[in-house]
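Subject: Handover of a structure

Dear colleague,

I am passing the structure below on to you. My notes on it follow; please read them alongside the model.

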Amino acid sequence: EADEMLDMGFYDDIETILRGIPRQRQMVLFSATMPQGILDLARQFQHEPLFVKVTHRQLTVPGIEQYYFEVQERHKADLLSRLVDLQAFRSVLVFCNTKRKVDDLVNTLQARGYSVEGLHGDMGQSQRERVMGKFRSGETEILVATDVAARGIDVGGIEAVVNYDVPQDEEYYVHRIGRTGRMGRGGRAYTFVSGREVQKLREIQRFTGTTITQQPIPSPVEVEEARASILLDRVQEVLEAEKLEPYILLVERLQRLDYTSLEVAAALLKMLMIQESTG
């Protein structure tokens with residue numbers, strides 16, 4: 001695709017090839033997007049080119065809540081971790097603009113104990129199928145991908161899309177966030193914006209005709225409170241549904257050591273929260 005050729009740094013090579021081909025020719029450029037580099041090529045090497053464009057009646061999928069965070073590049077991984085923990089997402093698709101960024105982010109998140117895999121163009125077909133199989137089955141909760149590698153992904157139940165990098169083109173944004181909120185379900189899309197990228201985000205809003213709402217970066221305290229709330233909900237489910245007699249006997253053993261049941265419960269909750277926070 002013409003735009004991907006330019007993104008990969010082949011502009012000079014394309015110019016060299018085009019200068020060496022016959023003057024009498026038919027040349028067609030295909031691209032899902034029309035960045036300035038493509039338009040420059042058309043003006044330089046095509047004679048009265050005809051532009052054919054498919055327009056979208058509806059650019060963004062209804063039911064998707066769209067947010068953005070202003071965050072410095074070095075703090076993006078921390079923000080992503082907080083966001084996943086705060087919302088308790090179980091199926092998240094994260095987009096990066098480069099293969100190297102995908103690998104770096106996957107390594108960072110794996111070191112923090114997250115269930116995460118990467119997907120990009122340097123991977124073989126069998127490796128891609130393995131990664132996608134784990135994501136579809138729920139074995140992998142976070143999939144980090146480039147735009148090219150993510151083409152054709154159709155996975156139901158993706159709770160959120162995260163633009164870890166602001167997309168290079170407005171239409172990329174539309175394609176990305178359309179991965180969530182499918183089949184009438186709601187979904188969320190988050191975009192991480194650094195510095196002057198705020199202007200790019202404004203262009204995306206004009207292009208899509210939607211409002212992307214700024215959100216404050218969640219604090220560590222908010223994340224811990226959310227974890228505690230989720231944990232208490234799980235405990236309540238166990239209290240209402242499980243047979244607890246064998247465990248009650250264990251608590252009574254601790255009570256004979258002069259601990260109250262309240263102290264025992266608090267100690268066990270503390271152990272479980274530490275275990276979950278460290279993976």
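Helix H2 covers residues 11-20, and Ile14, Glu15 and Leu18 are its buried residues to look at. Buried stands for under 20% relative accessible area, exposed for over 50%, and partly exposed for anything in between (1.4 Å probe, protein chains only). Helices (H or I, at least four residues) and strands (E, at least two) are DSSP runs, numbered from the N terminus. On the face of H2 turned away from the buried side are the exposed residues Asp12, Thr16, Ile17 and Gly20.

The model is predicted: local features need pLDDT of at least 70 and side-chain atom pairs count only at pLDDT 80 or more, while totals for chains, interfaces and linings use all residues. Residues are numbered from 1 along each chain as its sequence is written, and side-chain values use heavy atoms, with hydrogens and water left out.

The chain as a whole

The chain has 12 helices and 7 strands. It has 279 residues, of which 36% count as buried. A contact means heavy atoms within 4.5 Å. Among contacts in the chain with a separation of 6 or more, 75% are between residues 24 or more positions apart. The chain exposes about 17400 Å², and 52% of this is supplied by carbon and sulfur atoms. Accessible areas come from the Shrake-Rupley method with a 1.4 Å probe; for residues, only the protein chains shown count as cover.

Salt bridges

How many salt bridges does a search of the whole structure find? The search gives 15, a salt bridge being a side-chain nitrogen of Lys or Arg within 4 Å of a carboxyl oxygen of Asp or Glu.

One of them joins the side chains of Arg188 and Glu65, at 3.8 Å from N to O. This pair links distant parts of the chain, 123 residues apart: Arg188 belongs to strand S6 (residues 187-193) and Glu65 to strand S1 (residues 64-70). Arg188 is partly exposed, at 26% relative accessibility, and Glu65 is also partly exposed, at 35%.

Lys99 and Asp122 form another, at 3.1 Å from N to O. Lys99 is partly exposed at 35% relative accessibility, whereas Asp122 is exposed, with a relative accessible area of 58%.

Lys101 and Asp165 meet at 2.9 Å, N to O. Lys101 is in helix H5 and Asp165 in the loop between strand S5 (160-163) and helix H8 (170-177), 64 residues apart. Is Asp165 buried or exposed? Asp165 counts as buried, because its relative accessibility is 7%. Lys101 is partly exposed at 23%. Salt bridges with shared partners join Glu73, Lys76, Lys101 and Asp165 into one network.

The loop between H3 and S1

Gln46 is in the loop between helix H3 (36-45) and S1, and it is buried, with a relative accessible area of 19%. Its side chain reaches the backbone oxygen of Met27 at 2.9 Å. Leaving out residues up to four places away in sequence, Gln46 touches Met27, Val28, Leu29 and Leu41.

Glu48 sits in the loop between H3 and S1 as well. Its phi is near 45°, a positive value in a residue other than glycine. Glu48 counts as exposed, at 68% relative accessibility.

The loop between H11 and H12

Asp258 lies in the loop between H11 and H12. Although Asp258 is not a glycine, it has a positive phi of about 75°. Asp258 counts as exposed, at 70% relative accessibility.

Tyr259 is in the loop between helix H11 (245-255) and helix H12 (261-277), and is partly exposed, with a relative accessible area of 46%. Together with Leu254 and Leu257, Tyr259 forms a nonpolar surface patch with about 310 Å² of accessible area. Patches are made of residues with over 30% relative accessible area and no salt bridge; like charges are joined within 9 Å, and nonpolar side chains (Val, Leu, Ile, Met, Phe, Trp, Tyr) within 5 Å.

Regards

Technical notes
Polar contact = N/O pair within 3.5 Å; in protein donor to acceptor, adjacent residues only side chain to side chain.
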